[in-house]
Amino acid sequence: MKSANSNLPNSIQPDQNEINEYIKEYLRYSSFSNTLECFEAEIKSKQVSNKMLNKQQQSKQLGDDAPRLFQLFKSDNTKTKREINLEKEQKAFNKKYQQILQAGRQIFSVSINLLQLLHSLKETAKNENLSETLENYKIQLGKYHKVIINEGKPEGTELITEQVMHEHKTKLFKNFQDKHVDGMIEVLLSLRVNALQIAPELRKNLVYELIRNDVFNIEATEKFDFVVHLLDINNQSLRHAITSLISVISSTLRGVEYLTYNGNMIIIEKIIKILKEQENGSVTQRFCLAILQKASIKDTVIPTYVHNEMIQWIIQLIQKSINTKIHIFCLDFASATLANVIHTPYTLQYLEKQGRFAHQVMEQLLKFMKEQIQVSVLMHVLICLSYLSKENFAKQMEECRFVERISEFVEYYSVINTENEAAEIDKKTVLDLCAHMFHPKDTSLDNSETVELNELKTEDRIREYENEQGELIFECFQDEVS
């Protein structure tokens, strides 16, 4: 009996060069460096002697001995409807991506023209501070321009050098002593732009370098005076610059430990204060929420959140979003922070003692289930409720008709109409989440055993996860002002 390969005509033989590229890609990914080196050397020698070319030009049909890999590259593979739709979406995304790049280039063109105009004004004004400010703007603009000309691809393949890091730190302190706010902003943004430009796999090491160089002078002095003074300066541009850099540092557990050195929560308290002062959805508020969400992985910060009324503030933010448009990033990170806060033993014990407050929190979260809120926020709300569905809160559960309302929600949500495949997947995820977290038990309402099996990562596991993964995502928003 002939194999499926035996009837494959020469006209649709797979491109051997293409197969070789796939093999090399696999070897690189799997770190088979020696094998890759030998494989590339063999290909090179074959290409020089034209052996490979002659082999491809042979007219014989692929027989039973042809490798199965060839079959995977047959040109008559049929595409599923989903694959065709994905290709269309990819083309549409690529088109939009090019349009965004073009718009970015046009913005830089306008910015350069404005800088030239300001230079002409500088000559007449004869202002030294204006001259330095213009130079800072030019440097900053140049760094962002590199991101555009590289089409968003990270330029950096190496970390910031020790000398450059030291120069930034020295310049930051000098500007602080001189009370030169624009100079401080320029240095802070420069550090962050370097962080955004560096290759993703090196970002974790960059955070460690910022800590090792003690960029905020915390470990050297065992005090937080410098960073606290920066946060206390009432200047929106400076607050944007400092919170965005703190967000970079807080992207790892080691960074959170640096920011809460010796258990001092002054930075966390300042960030919460700034958060509450910001307009809802603003860029600075987003960075504050990013910091607080990332810091909430460390249990020791949770009492600071609770005593600074972050639970109430987040619930109010979600409530406001029902009738007022608020940036999805704020809602997503705020609700994720709420889940992390409620999950901890400290908060659960606090809520047990504050029975009336526990009732209010549970009641409000149950109300959110029927509101038109983002799916990611809804999932975080359900996770919060799962942490409260314990015997310790049986009284509140009965008063709020917890079990009945969860059942009503599942019944309601299972019949809602979905507009597309993505919405259908979201719907299934929500229902699966409910089935997993709120499945009724025969013995009691206590699902603490289930919760224990699904604990959030401990700090040790998070540390291990960071060591394995190596890639971090640093927040960057389109409506930021450099």
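1. Helix α15 has 13 residues, and from its first C-alpha to its last it reaches 18 Å, close to the 18 Å expected at 1.5 Å a residue. The model under review is a predicted one, and the points below should be read with that in mind.

2. Of its 13 residues, 13 are buried, so the helix is largely enclosed by the rest of the structure.

3. Is Q285 buried or exposed? Q285 has a relative accessible area of 0%, and because buried means under 20%, this residue counts as buried. Leaving aside residues up to four places away in sequence, Q285 touches L275, Q278, E279, N280, W313 and C330.

4. The second topic is charge pairing. Side chains of opposite charge can pair when their charged atoms come close. How many salt bridges does the structure hold? The structure holds 14 salt bridges, and several of them are described in the points that follow.

5. One of the salt bridges is formed by the side chains of R28 and E40, with a distance of 3.6 Å from N to O. This pair links distant parts of the chain: R28 belongs to helix α1 (residues 16-29) and E40 to helix α2 (residues 33-49), and the two residues are twelve residues apart. As for accessibility, R28 counts as partly exposed at 47%, and E40 counts as partly exposed at 32%.

6. Another salt bridge joins the side chains of E363 and R405, at 2.9 Å from N to O. E363 lies in helix α20 (residues 355-368) and R405 in helix α23 (residues 402-413), so the pair ties together parts that are 42 residues apart in sequence. R405 has a relative accessible area of 16% and is buried; the reader may recall that the cut-off for buried is under 20%.

7. R401 forms a salt bridge with E408, and the closest N and O atoms of this pair are 2.9 Å apart. R401 is partly exposed, with a relative accessible area of 38%, and E408 also counts as partly exposed, at 37% relative accessibility.

8. Salt bridges may also share partners. Which residues are joined into one network in this way? The network consists of R239, K273 and E277, joined by salt bridges that share partners.

How values were computed: Residues are numbered from 1 along each chain as its sequence is written. This is a predicted model: local features need pLDDT of at least 70, side-chain atom pairs count only at pLDDT 80 or more; totals for chains, interfaces and linings use all residues. Side-chain values use heavy atoms; hydrogens and water are left out. A salt bridge is a side-chain nitrogen of Lys or Arg within 4 Å of a carboxyl oxygen of Asp or Glu. Helices (H or I, at least four residues) and strands (E, at least two) are DSSP runs, numbered from the N terminus. Buried means under 20% relative accessible area, exposed over 50%, partly exposed in between (1.4 Å probe, protein chains only). Contact means heavy atoms within 4.5 Å. The expected span of a helix is 1.5 Å times one less than its number of residues.
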